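User: Please take a close look at the aromatic rings in this model. I would like the ring pairs, their geometry and their surroundings.

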Amino acid sequence: MDPKGQDILFNSEIRQKDLMIQMLSERLDEKDGTITELKETINDLKETIAGLRETLDEFQRKLFGTGSEKTKQAKETEETVTTIVKSHKRTTRKAKATREDQYGNLPIHKEVIPLPEEDKYCPYCNSKMEYVTETFVREELRITPAKVERIHYYQEKWQCPECKKDGDGTFAESKTPTALIPHSPASPSIVSYVAMEKIGLAMPYYRQEFLMNQLGFTLPRETMANWIIYVAENYFYPIYERLHEELLKRDLVHADETTCQVLREKGRTAEQTSYMWLYTTGSDALTPIVLYDYQPSCKGSCAQNFIEGFRGLVQCDGYQGYNKLEDVILVCCLAHARRKFFEAVPAARRKRLKLLDINSDEAIEDISLPDEEEAKQLLPAEIGLLYCNKLFYLERTLKDLNPEERKQQRDVLEQPVWDQFWNWLDTLHPTGGSKLGKAVNYAQNHHDTLMNYLLDGRCEISINRAERKAKSYAIGRKAFLFHTSETGAGASAVMYSIVETAKANNLNIFQYLYTVLLYMPDYMNSSAGIEQLMPWSEFIKEQCSGLIDVESNVPEKRIPLPHR
(Lines give C-alpha, C1' and ligand atoms only; values in the text may rest on other atoms or scores of the structure.)
Protein backbone atom coordinates (compact mmCIF):
# COMPACT_ATOMS: atom_id res chain seq x y z
CA MET A 1 0.00 0.00 0.00
CA ASP A 2 1.31 3.41 -0.89
CA PRO A 3 2.05 5.92 1.87
CA LYS A 4 -0.99 8.00 0.98
CA GLY A 5 -3.29 5.01 1.41
CA GLN A 6 -1.65 4.16 4.71
CA ASP A 7 -2.29 7.72 5.99
CA ILE A 8 -5.93 7.50 5.02
CA LEU A 9 -6.32 4.14 6.76
CA PHE A 10 -4.49 5.40 9.82
CA ASN A 11 -6.66 8.52 10.06
CA SER A 12 -9.77 6.41 9.66
CA GLU A 13 -8.74 4.17 12.53
CA ILE A 14 -8.03 7.24 14.67
CA ARG A 15 -11.49 8.66 13.92
CA GLN A 16 -13.09 5.34 14.79
CA LYS A 17 -11.20 5.24 18.08
CA ASP A 18 -12.15 8.84 18.80
CA LEU A 19 -15.79 7.94 18.19
CA MET A 20 -15.49 4.91 20.43
CA ILE A 21 -13.82 7.02 23.13
CA GLN A 22 -16.58 9.60 22.79
CA MET A 23 -19.28 6.93 23.01
CA LEU A 24 -17.58 5.36 26.03
CA SER A 25 -17.21 8.79 27.62
CA GLU A 26 -20.90 9.53 27.08
CA ARG A 27 -21.82 6.15 28.55
CA LEU A 28 -19.55 6.82 31.51
CA ASP A 29 -21.19 10.22 31.96
CA GLU A 30 -24.58 8.53 31.86
CA LYS A 31 -23.39 5.97 34.40
CA ASP A 32 -21.96 8.72 36.58
CA GLY A 33 -25.33 10.50 36.47
CA THR A 34 -27.11 7.25 37.25
CA ILE A 35 -24.69 6.55 40.11
CA THR A 36 -25.24 10.06 41.46
CA GLU A 37 -28.99 9.63 41.27
CA LEU A 38 -28.72 6.24 42.95
CA LYS A 39 -26.56 7.71 45.70
CA GLU A 40 -29.10 10.48 46.26
CA THR A 41 -31.90 7.91 46.32
CA ILE A 42 -29.93 5.78 48.79
CA ASN A 43 -29.36 8.80 51.03
CA ASP A 44 -33.06 9.69 50.85
CA LEU A 45 -33.97 6.12 51.73
CA LYS A 46 -31.52 6.14 54.63
CA GLU A 47 -33.08 9.35 55.93
CA THR A 48 -36.56 7.88 55.57
CA ILE A 49 -35.50 4.66 57.32
CA ALA A 50 -33.88 6.64 60.15
CA GLY A 51 -37.03 8.69 60.58
CA LEU A 52 -39.24 5.61 60.50
CA ARG A 53 -37.04 3.86 63.04
CA GLU A 54 -37.21 6.85 65.36
CA THR A 55 -40.97 7.02 64.90
CA LEU A 56 -41.29 3.29 65.60
CA ASP A 57 -39.11 3.59 68.71
CA GLU A 58 -41.23 6.49 69.94
CA PHE A 59 -44.46 4.57 69.38
CA GLN A 60 -43.02 1.57 71.22
CA ARG A 61 -41.90 3.78 74.08
CA LYS A 62 -45.32 5.39 74.39
CA LEU A 63 -47.11 2.07 74.06
CA PHE A 64 -44.96 -0.10 76.32
CA GLY A 65 -42.88 2.36 78.33
CA THR A 66 -43.28 5.55 80.26
CA GLY A 67 -44.55 8.63 78.46
CA SER A 68 -43.10 11.15 80.91
CA GLU A 69 -40.05 13.24 80.20
CA LYS A 70 -38.95 12.78 83.80
CA THR A 71 -37.88 9.18 83.72
CA LYS A 72 -36.58 7.17 86.64
CA GLN A 73 -33.01 5.98 86.84
CA ALA A 74 -32.71 2.85 84.74
CA LYS A 75 -31.03 -0.32 85.91
CA GLU A 76 -27.78 -1.30 84.25
CA THR A 77 -28.33 -3.02 80.92
CA GLU A 78 -26.00 -5.19 78.91
CA GLU A 79 -25.02 -2.23 76.76
CA THR A 80 -22.87 0.24 78.66
CA VAL A 81 -23.35 3.86 77.64
CA THR A 82 -21.01 6.55 78.92
CA THR A 83 -22.68 9.90 79.48
CA ILE A 84 -20.74 12.76 80.99
CA VAL A 85 -22.90 15.28 82.78
CA LYS A 86 -21.05 17.51 85.19
CA SER A 87 -23.78 17.92 87.76
CA HIS A 88 -24.44 16.67 91.20
CA LYS A 89 -27.92 16.06 92.53
CA ARG A 90 -28.83 15.86 96.16
CA THR A 91 -32.32 15.50 97.48
CA THR A 92 -33.28 18.02 100.12
CA ARG A 93 -35.84 16.92 102.64
CA LYS A 94 -38.35 19.43 103.83
CA ALA A 95 -38.63 19.94 107.55
CA LYS A 96 -41.35 17.76 108.98
CA ALA A 97 -44.51 19.79 109.48
CA THR A 98 -45.75 20.15 113.04
CA ARG A 99 -49.36 19.60 113.97
CA GLU A 100 -49.72 23.32 114.44
CA ASP A 101 -48.57 23.81 110.83
CA GLN A 102 -51.04 21.19 109.60
CA TYR A 103 -54.10 21.93 111.75
CA GLY A 104 -53.47 25.46 113.01
CA ASN A 105 -56.39 26.97 111.10
CA LEU A 106 -58.99 24.55 112.50
CA PRO A 107 -61.22 25.57 115.41
CA ILE A 108 -60.52 23.82 118.71
CA HIS A 109 -63.28 22.16 120.66
CA LYS A 110 -62.19 21.52 124.23
CA GLU A 111 -63.62 18.37 125.67
CA VAL A 112 -62.96 17.83 129.39
CA ILE A 113 -63.79 14.28 130.49
CA PRO A 114 -65.42 14.51 133.95
CA LEU A 115 -64.48 12.19 136.78
CA PRO A 116 -67.40 9.88 137.63
CA GLU A 117 -69.16 10.79 140.85
CA GLU A 118 -68.32 7.50 142.57
CA ASP A 119 -64.59 8.03 141.87
CA LYS A 120 -64.53 11.41 143.64
CA TYR A 121 -64.22 9.70 147.01
CA CYS A 122 -60.90 8.53 148.42
CA PRO A 123 -60.63 4.75 148.25
CA TYR A 124 -58.72 4.76 151.57
CA CYS A 125 -60.56 7.20 153.88
CA ASN A 126 -63.74 7.77 151.84
CA SER A 127 -63.30 11.56 152.02
CA LYS A 128 -64.59 13.58 149.04
CA MET A 129 -61.69 14.72 146.88
CA GLU A 130 -61.12 18.35 145.81
CA TYR A 131 -60.64 19.53 142.20
CA VAL A 132 -56.97 20.21 141.40
CA THR A 133 -56.53 20.78 137.64
CA GLU A 134 -57.10 19.33 134.18
CA THR A 135 -54.37 17.70 132.10
CA PHE A 136 -54.06 17.59 128.32
CA VAL A 137 -53.95 13.98 127.11
CA ARG A 138 -54.17 13.90 123.31
CA GLU A 139 -55.61 15.47 120.18
CA GLU A 140 -57.74 13.97 117.44
CA LEU A 141 -59.46 15.25 114.31
CA ARG A 142 -63.23 14.91 114.07
CA ILE A 143 -65.15 15.54 110.85
CA THR A 144 -68.86 15.95 110.25
CA PRO A 145 -69.93 14.79 106.75
CA ALA A 146 -71.90 17.21 104.59
CA LYS A 147 -75.30 17.96 106.08
CA VAL A 148 -78.17 18.85 103.77
CA GLU A 149 -81.37 20.43 105.05
CA ARG A 150 -84.48 21.94 103.51
CA ILE A 151 -84.96 25.64 104.20
CA HIS A 152 -88.60 26.81 104.03
CA TYR A 153 -88.87 30.59 103.83
CA TYR A 154 -91.98 32.11 105.38
CA GLN A 155 -92.92 35.74 104.98
CA GLU A 156 -94.35 37.68 107.90
CA LYS A 157 -97.34 39.83 107.10
CA TRP A 158 -98.49 42.68 109.41
CA GLN A 159 -101.63 44.82 109.33
CA CYS A 160 -102.46 48.20 110.87
CA PRO A 161 -105.31 47.66 113.43
CA GLU A 162 -106.53 51.28 113.25
CA CYS A 163 -106.83 51.24 109.49
CA LYS A 164 -108.57 47.90 109.80
CA LYS A 165 -111.31 49.58 111.89
CA ASP A 166 -111.96 51.97 109.04
CA GLY A 167 -112.19 49.09 106.61
CA ASP A 168 -108.86 49.94 105.00
CA GLY A 169 -106.26 47.16 104.82
CA THR A 170 -102.75 48.56 105.32
CA PHE A 171 -100.24 45.72 105.26
CA ALA A 172 -96.47 45.30 105.60
CA GLU A 173 -94.55 42.21 104.50
CA SER A 174 -91.05 41.02 105.32
CA LYS A 175 -88.64 40.81 102.40
CA THR A 176 -87.32 37.34 101.60
CA PRO A 177 -83.89 36.84 100.04
CA THR A 178 -83.75 36.88 96.24
CA ALA A 179 -83.89 33.37 94.79
CA LEU A 180 -80.61 32.26 93.27
CA ILE A 181 -82.44 30.54 90.41
CA PRO A 182 -86.18 31.25 89.99
CA HIS A 183 -88.50 28.31 90.72
CA SER A 184 -85.56 26.16 91.86
CA PRO A 185 -84.41 24.80 95.23
CA ALA A 186 -80.84 25.90 94.38
CA SER A 187 -79.06 27.91 97.07
CA PRO A 188 -75.62 29.58 97.08
CA SER A 189 -74.23 26.81 99.29
CA ILE A 190 -75.39 23.76 97.32
CA VAL A 191 -74.49 25.25 93.92
CA SER A 192 -71.05 26.21 95.26
CA TYR A 193 -70.68 22.67 96.57
CA VAL A 194 -71.52 21.19 93.15
CA ALA A 195 -69.18 23.64 91.37
CA MET A 196 -66.35 22.96 93.78
CA GLU A 197 -66.69 19.19 93.33
CA LYS A 198 -66.98 19.44 89.52
CA ILE A 199 -64.39 22.11 88.74
CA GLY A 200 -62.10 22.12 91.75
CA LEU A 201 -61.99 18.37 92.42
CA ALA A 202 -62.77 16.96 88.93
CA MET A 203 -65.79 14.98 90.16
CA PRO A 204 -68.27 14.41 87.29
CA TYR A 205 -71.97 14.97 87.85
CA TYR A 206 -72.82 11.28 87.83
CA ARG A 207 -70.48 10.68 90.78
CA GLN A 208 -71.96 13.64 92.59
CA GLU A 209 -75.42 12.23 91.95
CA PHE A 210 -74.35 9.06 93.75
CA LEU A 211 -72.85 11.09 96.60
CA MET A 212 -76.05 13.12 97.05
CA ASN A 213 -77.98 9.89 97.21
CA GLN A 214 -75.74 8.78 100.07
CA LEU A 215 -76.59 12.02 101.86
CA GLY A 216 -80.28 11.11 101.70
CA PHE A 217 -81.81 12.83 98.68
CA THR A 218 -81.94 12.71 94.89
CA LEU A 219 -80.29 15.39 92.77
CA PRO A 220 -80.18 14.43 89.06
CA ARG A 221 -77.01 15.16 87.13
CA GLU A 222 -79.02 17.12 84.54
CA THR A 223 -80.22 19.47 87.27
CA MET A 224 -76.67 20.07 88.50
CA ALA A 225 -75.48 20.77 84.96
CA ASN A 226 -78.30 23.28 84.41
CA TRP A 227 -77.49 25.01 87.70
CA ILE A 228 -73.84 25.48 86.77
CA ILE A 229 -74.73 26.80 83.31
CA TYR A 230 -77.22 29.26 84.80
CA VAL A 231 -74.91 30.71 87.46
CA ALA A 232 -71.98 30.81 85.01
CA GLU A 233 -73.96 32.85 82.49
CA ASN A 234 -75.78 35.13 84.95
CA TYR A 235 -73.55 35.56 88.00
CA PHE A 236 -69.97 34.59 87.24
CA TYR A 237 -69.74 35.93 83.69
CA PRO A 238 -69.75 39.62 84.82
CA ILE A 239 -66.74 38.80 87.02
CA TYR A 240 -65.14 36.90 84.12
CA GLU A 241 -65.56 39.97 81.89
CA ARG A 242 -64.01 42.20 84.54
CA LEU A 243 -61.06 39.81 84.84
CA HIS A 244 -60.70 39.81 81.05
CA GLU A 245 -60.70 43.59 81.01
CA GLU A 246 -57.95 43.65 83.65
CA LEU A 247 -55.90 40.99 81.81
CA LEU A 248 -55.69 43.16 78.68
CA LYS A 249 -54.17 45.99 80.73
CA ARG A 250 -51.19 43.91 81.78
CA ASP A 251 -47.78 43.91 80.13
CA LEU A 252 -47.29 40.16 80.10
CA VAL A 253 -49.60 37.21 79.32
CA HIS A 254 -48.95 33.47 79.09
CA ALA A 255 -51.02 31.57 76.50
CA ASP A 256 -51.61 27.90 75.81
CA GLU A 257 -54.33 25.61 74.48
CA THR A 258 -55.56 22.07 75.05
CA THR A 259 -58.12 19.85 73.37
CA CYS A 260 -61.68 19.07 74.40
CA GLN A 261 -64.69 17.34 72.89
CA VAL A 262 -68.20 18.73 72.49
CA LEU A 263 -70.94 16.32 71.45
CA ARG A 264 -73.47 18.78 70.09
CA GLU A 265 -71.78 21.60 68.19
CA LYS A 266 -73.48 23.42 65.38
CA GLY A 267 -72.07 22.34 62.02
CA ARG A 268 -69.64 19.84 63.58
CA THR A 269 -69.67 16.16 64.39
CA ALA A 270 -69.24 14.79 67.90
CA GLU A 271 -65.85 13.32 66.94
CA GLN A 272 -64.28 16.62 65.89
CA THR A 273 -61.75 18.19 68.22
CA SER A 274 -62.47 21.49 69.95
CA TYR A 275 -60.14 23.57 72.09
CA MET A 276 -59.95 25.18 75.49
CA TRP A 277 -57.61 28.16 75.27
CA LEU A 278 -55.86 29.40 78.38
CA TYR A 279 -54.48 32.83 79.28
CA THR A 280 -52.80 33.71 82.55
CA THR A 281 -50.80 36.58 83.95
CA GLY A 282 -47.11 36.14 84.69
CA SER A 283 -44.81 36.98 87.57
CA ASP A 284 -45.52 40.71 87.53
CA ALA A 285 -46.27 40.94 91.29
CA LEU A 286 -49.86 41.99 90.50
CA THR A 287 -53.09 40.14 91.19
CA PRO A 288 -52.92 36.82 89.28
CA ILE A 289 -55.62 36.16 86.69
CA VAL A 290 -56.39 32.86 84.94
CA LEU A 291 -58.89 32.78 82.09
CA TYR A 292 -60.14 29.92 79.91
CA ASP A 293 -61.84 30.42 76.56
CA TYR A 294 -63.69 27.66 74.72
CA GLN A 295 -63.35 27.70 70.93
CA PRO A 296 -64.31 25.12 68.26
CA SER A 297 -60.88 25.42 66.60
CA CYS A 298 -57.22 26.21 67.24
CA LYS A 299 -56.94 28.92 64.60
CA GLY A 300 -54.72 31.84 65.45
CA SER A 301 -57.74 34.12 65.11
CA CYS A 302 -59.10 32.64 68.37
CA ALA A 303 -56.19 34.08 70.35
CA GLN A 304 -56.22 37.21 68.22
CA ASN A 305 -59.86 37.93 69.07
CA PHE A 306 -59.52 37.13 72.78
CA ILE A 307 -56.56 39.42 73.48
CA GLU A 308 -57.48 42.11 70.97
CA GLY A 309 -56.23 45.40 72.34
CA PHE A 310 -53.43 43.81 74.35
CA ARG A 311 -50.03 45.44 73.87
CA GLY A 312 -47.19 43.59 75.48
CA LEU A 313 -45.35 40.29 75.69
CA VAL A 314 -47.11 37.00 74.97
CA GLN A 315 -45.35 33.90 76.28
CA CYS A 316 -46.38 30.86 74.25
CA ASP A 317 -45.13 27.73 72.53
CA GLY A 318 -43.99 27.57 68.92
CA TYR A 319 -47.49 27.16 67.45
CA GLN A 320 -47.69 29.26 64.28
CA GLY A 321 -51.19 30.47 65.08
CA TYR A 322 -49.72 32.96 67.56
CA ASN A 323 -47.99 34.70 64.67
CA LYS A 324 -51.35 36.27 63.83
CA LEU A 325 -51.21 38.36 67.00
CA GLU A 326 -50.59 42.00 66.24
CA ASP A 327 -48.66 44.64 68.20
CA VAL A 328 -47.23 42.09 70.61
CA ILE A 329 -43.83 40.53 71.25
CA LEU A 330 -43.86 36.73 71.18
CA VAL A 331 -41.72 34.97 73.77
CA CYS A 332 -41.21 31.33 72.85
CA CYS A 333 -40.90 28.61 75.50
CA LEU A 334 -37.47 27.01 75.92
CA ALA A 335 -39.04 23.92 77.53
CA HIS A 336 -40.64 23.07 74.17
CA ALA A 337 -37.30 23.41 72.36
CA ARG A 338 -35.62 21.30 75.04
CA ARG A 339 -38.30 18.64 74.66
CA LYS A 340 -37.32 18.23 71.01
CA PHE A 341 -33.71 17.48 71.95
CA PHE A 342 -34.88 15.12 74.70
CA GLU A 343 -37.00 13.15 72.21
CA ALA A 344 -34.01 12.94 69.85
CA VAL A 345 -31.97 11.04 72.45
CA PRO A 346 -32.25 7.23 72.01
CA ALA A 347 -34.54 5.61 74.57
CA ALA A 348 -31.69 3.64 76.17
CA ARG A 349 -29.76 6.83 76.94
CA ARG A 350 -32.83 8.96 77.58
CA LYS A 351 -33.55 7.14 80.83
CA ARG A 352 -30.36 8.53 82.34
CA LEU A 353 -31.21 12.17 81.65
CA LYS A 354 -32.87 14.71 83.89
CA LEU A 355 -34.88 17.74 82.86
CA LEU A 356 -34.42 20.59 85.30
CA ASP A 357 -37.31 22.70 86.48
CA ILE A 358 -37.03 26.14 88.02
CA ASN A 359 -39.39 25.30 90.88
CA SER A 360 -38.11 21.78 91.62
CA ASP A 361 -37.51 20.86 95.28
CA GLU A 362 -34.25 19.13 94.41
CA ALA A 363 -31.03 21.02 95.03
CA ILE A 364 -28.84 20.73 91.93
CA GLU A 365 -25.34 22.09 91.62
CA ASP A 366 -24.09 24.03 88.64
CA ILE A 367 -24.08 22.30 85.27
CA SER A 368 -20.87 22.55 83.26
CA LEU A 369 -21.01 22.54 79.50
CA PRO A 370 -18.83 19.80 77.95
CA ASP A 371 -15.39 20.61 76.63
CA GLU A 372 -14.10 19.29 73.29
CA GLU A 373 -13.04 15.89 74.66
CA GLU A 374 -16.20 15.35 76.69
CA ALA A 375 -18.39 16.36 73.76
CA LYS A 376 -16.98 13.45 71.73
CA GLN A 377 -18.60 11.01 74.17
CA LEU A 378 -22.02 12.68 73.92
CA LEU A 379 -24.65 12.62 71.22
CA PRO A 380 -25.56 16.01 69.68
CA ALA A 381 -29.06 15.77 71.20
CA GLU A 382 -27.51 15.28 74.66
CA ILE A 383 -25.32 18.35 74.17
CA GLY A 384 -28.35 20.40 73.12
CA LEU A 385 -30.14 19.18 76.23
CA LEU A 386 -27.18 20.25 78.38
CA TYR A 387 -27.32 23.78 76.96
CA CYS A 388 -31.03 24.00 77.79
CA ASN A 389 -30.52 22.59 81.29
CA LYS A 390 -27.72 25.08 81.87
CA LEU A 391 -30.09 27.94 81.06
CA PHE A 392 -32.77 26.49 83.32
CA TYR A 393 -30.23 26.16 86.12
CA LEU A 394 -29.19 29.80 85.75
CA GLU A 395 -32.83 30.87 85.76
CA ARG A 396 -33.31 28.98 88.99
CA THR A 397 -30.52 30.94 90.65
CA LEU A 398 -32.17 34.21 89.58
CA LYS A 399 -35.79 33.49 90.49
CA ASP A 400 -35.66 35.37 93.82
CA LEU A 401 -34.32 38.58 92.26
CA ASN A 402 -36.51 41.52 91.33
CA PRO A 403 -37.21 41.94 87.58
CA GLU A 404 -34.58 44.66 87.03
CA GLU A 405 -31.81 42.67 88.69
CA ARG A 406 -32.89 39.48 86.94
CA LYS A 407 -32.66 41.18 83.53
CA GLN A 408 -29.16 42.45 84.29
CA GLN A 409 -27.94 39.06 85.49
CA ARG A 410 -29.44 37.33 82.46
CA ASP A 411 -27.37 39.55 80.17
CA VAL A 412 -24.24 38.66 82.11
CA LEU A 413 -24.82 34.93 82.72
CA GLU A 414 -27.22 33.63 80.07
CA GLN A 415 -26.44 35.63 76.94
CA PRO A 416 -22.97 33.97 76.58
CA VAL A 417 -24.58 30.53 76.88
CA TRP A 418 -27.02 31.42 74.12
CA ASP A 419 -24.20 32.67 71.89
CA GLN A 420 -22.28 29.44 72.42
CA PHE A 421 -25.44 27.40 71.80
CA TRP A 422 -26.19 29.07 68.46
CA ASN A 423 -22.58 28.72 67.30
CA TRP A 424 -22.65 25.02 68.19
CA LEU A 425 -26.01 24.58 66.47
CA ASP A 426 -24.60 25.98 63.22
CA THR A 427 -21.97 23.21 63.14
CA LEU A 428 -24.64 20.49 63.03
CA HIS A 429 -25.85 18.94 59.80
CA PRO A 430 -28.45 16.42 60.97
CA THR A 431 -30.24 13.98 58.71
CA GLY A 432 -33.34 15.60 57.29
CA GLY A 433 -36.52 14.33 58.88
CA SER A 434 -34.73 12.87 61.91
CA LYS A 435 -35.66 13.89 65.42
CA LEU A 436 -32.38 15.71 65.82
CA GLY A 437 -33.10 17.53 62.58
CA LYS A 438 -36.51 18.55 63.89
CA ALA A 439 -34.97 19.77 67.15
CA VAL A 440 -32.35 21.83 65.33
CA ASN A 441 -34.87 23.27 62.88
CA TYR A 442 -37.30 24.13 65.71
CA ALA A 443 -34.62 26.02 67.61
CA GLN A 444 -33.32 27.84 64.52
CA ASN A 445 -36.82 28.75 63.33
CA HIS A 446 -37.56 30.31 66.73
CA HIS A 447 -34.17 31.93 67.18
CA ASP A 448 -35.47 35.41 68.05
CA THR A 449 -38.59 34.47 70.02
CA LEU A 450 -36.66 31.99 72.18
CA MET A 451 -34.41 34.82 73.35
CA ASN A 452 -37.11 37.47 73.77
CA TYR A 453 -37.48 36.61 77.45
CA LEU A 454 -34.17 38.46 77.92
CA LEU A 455 -35.99 41.71 77.08
CA ASP A 456 -37.92 41.88 80.36
CA GLY A 457 -37.06 40.54 83.80
CA ARG A 458 -40.72 39.66 84.37
CA CYS A 459 -40.64 37.14 81.52
CA GLU A 460 -40.05 33.47 82.26
CA ILE A 461 -37.92 31.03 80.35
CA SER A 462 -40.85 28.65 79.80
CA ILE A 463 -44.65 28.59 79.81
CA ASN A 464 -44.81 25.95 82.54
CA ARG A 465 -47.03 28.37 84.46
CA ALA A 466 -49.69 28.17 81.73
CA GLU A 467 -49.22 24.43 81.21
CA ARG A 468 -49.95 23.78 84.89
CA LYS A 469 -53.24 25.64 84.51
CA ALA A 470 -54.01 23.69 81.34
CA LYS A 471 -53.36 20.52 83.32
CA SER A 472 -56.08 21.51 85.82
CA TYR A 473 -58.60 21.40 82.99
CA ALA A 474 -57.06 18.24 81.50
CA ILE A 475 -57.51 16.38 84.81
CA GLY A 476 -61.19 17.29 84.84
CA ARG A 477 -61.56 16.38 81.16
CA LYS A 478 -60.12 12.95 81.86
CA ALA A 479 -62.93 12.41 84.39
CA PHE A 480 -65.93 13.88 82.56
CA LEU A 481 -64.62 13.03 79.03
CA PHE A 482 -66.70 15.55 77.06
CA HIS A 483 -69.05 18.53 77.12
CA THR A 484 -72.57 17.87 75.96
CA SER A 485 -73.13 21.26 74.33
CA GLU A 486 -71.37 24.46 73.37
CA THR A 487 -73.23 26.20 76.18
CA GLY A 488 -71.84 23.70 78.67
CA ALA A 489 -68.31 24.11 77.32
CA GLY A 490 -68.59 27.89 77.58
CA ALA A 491 -69.92 27.62 81.14
CA SER A 492 -67.00 25.34 82.04
CA ALA A 493 -64.56 27.92 80.67
CA VAL A 494 -66.08 30.58 82.93
CA MET A 495 -66.15 28.33 86.01
CA TYR A 496 -62.58 27.09 85.53
CA SER A 497 -61.52 30.74 85.23
CA ILE A 498 -63.19 31.66 88.53
CA VAL A 499 -61.87 28.62 90.41
CA GLU A 500 -58.28 28.85 89.13
CA THR A 501 -58.14 32.62 89.69
CA ALA A 502 -59.39 32.12 93.25
CA LYS A 503 -56.76 29.41 93.75
CA ALA A 504 -54.02 31.67 92.36
CA ASN A 505 -55.06 34.40 94.83
CA ASN A 506 -54.89 31.98 97.78
CA LEU A 507 -58.61 32.22 98.44
CA ASN A 508 -60.76 29.46 99.87
CA ILE A 509 -62.32 28.31 96.61
CA PHE A 510 -65.64 27.13 98.02
CA GLN A 511 -65.98 30.25 100.18
CA TYR A 512 -65.34 32.49 97.18
CA LEU A 513 -67.93 30.71 95.03
CA TYR A 514 -70.41 30.88 97.91
CA THR A 515 -69.78 34.57 98.60
CA VAL A 516 -70.22 35.55 94.95
CA LEU A 517 -73.49 33.62 94.66
CA LEU A 518 -74.66 35.09 97.98
CA TYR A 519 -74.54 38.66 96.62
CA MET A 520 -74.71 38.52 92.82
CA PRO A 521 -78.50 38.00 92.52
CA ASP A 522 -78.87 41.56 93.89
CA TYR A 523 -75.67 43.13 92.51
CA MET A 524 -75.27 41.60 89.05
CA ASN A 525 -76.16 44.95 87.44
CA SER A 526 -74.07 47.05 89.83
CA SER A 527 -70.50 47.75 88.75
CA ALA A 528 -69.63 48.87 92.29
CA GLY A 529 -71.05 45.66 93.73
CA ILE A 530 -69.18 43.52 91.18
CA GLU A 531 -65.94 45.33 92.05
CA GLN A 532 -66.42 44.38 95.71
CA LEU A 533 -66.70 40.73 94.65
CA MET A 534 -63.47 40.65 92.63
CA PRO A 535 -60.67 38.44 94.03
CA TRP A 536 -58.52 41.46 94.88
CA SER A 537 -61.11 43.35 96.96
CA GLU A 538 -60.50 43.73 100.69
CA PHE A 539 -64.01 42.41 101.39
CA ILE A 540 -63.30 39.17 99.52
CA LYS A 541 -59.89 38.76 101.14
CA GLU A 542 -61.52 39.10 104.54
CA GLN A 543 -64.43 36.77 103.81
CA CYS A 544 -62.68 34.11 101.72
CA SER A 545 -59.18 33.68 103.14
CA GLY A 546 -60.18 31.46 106.06
CA LEU A 547 -62.19 28.31 106.61
CA ILE A 548 -65.48 27.37 104.98
CA ASP A 549 -68.29 29.19 106.77
CA VAL A 550 -71.87 29.02 105.55
CA GLU A 551 -73.50 29.73 108.90
CA SER A 552 -72.40 33.21 109.97
CA ASN A 553 -73.22 34.80 106.59
CA VAL A 554 -76.50 33.41 105.22
CA PRO A 555 -78.96 34.83 102.66
CA GLU A 556 -81.52 35.93 105.28
CA LYS A 557 -78.88 37.64 107.48
CA ARG A 558 -76.36 38.72 104.89
CA ILE A 559 -73.44 40.99 105.79
CA PRO A 560 -73.86 44.22 103.77
CA LEU A 561 -71.39 44.86 100.99
CA PRO A 562 -69.08 47.79 101.82
CA HIS A 563 -69.78 51.06 100.03
CA ARG A 564 -66.99 52.36 97.86
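**Aromatic rings and their partners**

Over the ring of Phe 342 sits the charged end of Arg 350, 5.5 Å from the ring centre. Lys 198 likewise lies over the face of Tyr 205, at 5.1 Å from the centre. A charge sits over a ring if NZ of Lys or CZ of Arg is within 6 Å of the ring centre and within 35 degrees of the ring normal.

This is a predicted model: local features need pLDDT of at least 70, side-chain atom pairs count only at pLDDT 80 or more, and totals for chains, interfaces and linings use all residues. Residues are numbered from 1 along each chain as its sequence is written, and side-chain values use heavy atoms, leaving out hydrogens and water.

Now the ring pairs. The whole structure holds 20 aromatic pairs (rings of Phe, Tyr and Trp, the last by its six-membered ring, with centres within 6.5 Å; planes under 30 degrees apart are stacked, over 60 edge-to-face, the rest tilted). Tyr 230 and Tyr 235 are edge-to-face, because their planes stand at 75°, with centres 6.1 Å apart. Tyr 230 is partly exposed at 27% relative accessibility. Tyr 235 is buried at 4% (buried is under 20% relative accessible area, exposed over 50%, partly exposed in between; 1.4 Å probe, protein chains only).

Phe 510 and Tyr 514 are stacked, because their planes are at 5°, with centres 6.3 Å apart. Phe 510 is buried at 9%, and Tyr 514 is buried at 3%.

Ring pairs also link a cluster: Phe 341, Tyr 387, Trp 418, Phe 421, Trp 422, Trp 424 and Tyr 453.
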